[in-house]
Every structure is written in C-alpha cells, then in structure tokens.
Amino acid sequence: MEQTYVHWLKRFIHFHKLRPPREVGVAKVKSFLNSLSVNRHCSVNTQRIVLNVLVCLYKRFYFNIRFSQKSNTVTFQLFRARKRLEPSSQS
C-alpha cells in the first residue's frame, strides 16, 4: 500500500512539472484527476485510490486545500468504461 501511495504522489508531482504539492491548488488537483480519467482511462477504483492519496497528502502535510469545504470541493470526472459486447454464439 505504501508503494502505491509513493507511486501516485510521484506521478502527481511530475504531472505538474515538479512543482511542490503545497503550490498546487484545487484546480490542479482536479486537472490531474480528470487526466487520469480522460487521457489515461484509469478505472474508477484507481481514481479512488489516487484521490485517497491526495487527501492523505493534503490533510497530513498541507492545509491550503480542504477537501470537505464547499468552496474548495474537489470534483472530477470518473472514467466510465464502455460496456463490452459479448460475442454472439452462432449455432
């Protein structure tokens, strides 16, 4: 679990061109989460893990983003996988 958190923190920091997380605002957090959905097609579960990583980071170390306040609520687009069609069985 710890390796997963470190992995996603590194990706978050590299996504924002090595800017420290304390300098990254709500809009940048949203853009990272949206890019996972739109560009990387990450599953909903992966996105939830990443969101938990970021919540943990900001709650424990930085207080400029509060994930529970309405003015700074972090919302993002979840990836919806296309339903796969089952192959039709031809007799």
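Among contacts in the protein chain between residues at least 6 apart in sequence, what percentage join residues at least 24 apart? In this predicted model, the share is 62%.

The protein chain has three helices and zero strands. Read from the N terminus, the order of elements is α-α-α. Of the 91 residues in the chain, 29% count as buried. The accessible surface of the protein chain is about 7,100 Å². Carbon and sulfur atoms account for 51% of that surface.

The largest nonpolar core holds 13 residues. Within this core, the residues that touch the most other members are Trp 8, Phe 12, Val 29, Phe 32, Leu 36, Val 50 and Leu 54. Two or more core residues come from each of α1 (2-15), α2 (26-38) and α3 (44-60). The most come from α3, which gives five residues.

With residues up to four places away in sequence left out, Leu 36 touches Trp 8, Arg 11, His 41, Cys 42 and Val 50.

Mean pLDDT for the protein chain is 76. A value of 70 or more is reached by 67% of the residues. Among the elements, α1 has the highest mean pLDDT, at 91. The lowest mean belongs to α3, at 85. Over residues 68-72, pLDDT stays under 50. For this stretch the model has three contacts beyond four places in sequence.

Technical notes. Residues are numbered from 1 along each chain as its sequence is written. This is a predicted model: local features need pLDDT of at least 70, side-chain atom pairs count only at pLDDT 80 or more; totals for chains, interfaces and linings use all residues. Side-chain values use heavy atoms; hydrogens and water are left out. A nonpolar core is a set of buried Ala, Val, Leu, Ile, Met, Phe, Trp, Tyr and Cys residues joined through side-chain atoms within 4.5 Å. Buried means under 20% relative accessible area, exposed over 50%, partly exposed in between (1.4 Å probe, protein chains only). Helices (H or I, at least four residues) and strands (E, at least two) are DSSP runs, numbered from the N terminus. Contact means heavy atoms within 4.5 Å. pLDDT is the predictor's confidence in each residue, from 0 to 100. Accessible areas come from the Shrake-Rupley method with a 1.4 Å probe; for residues, only the protein chains shown count as cover.
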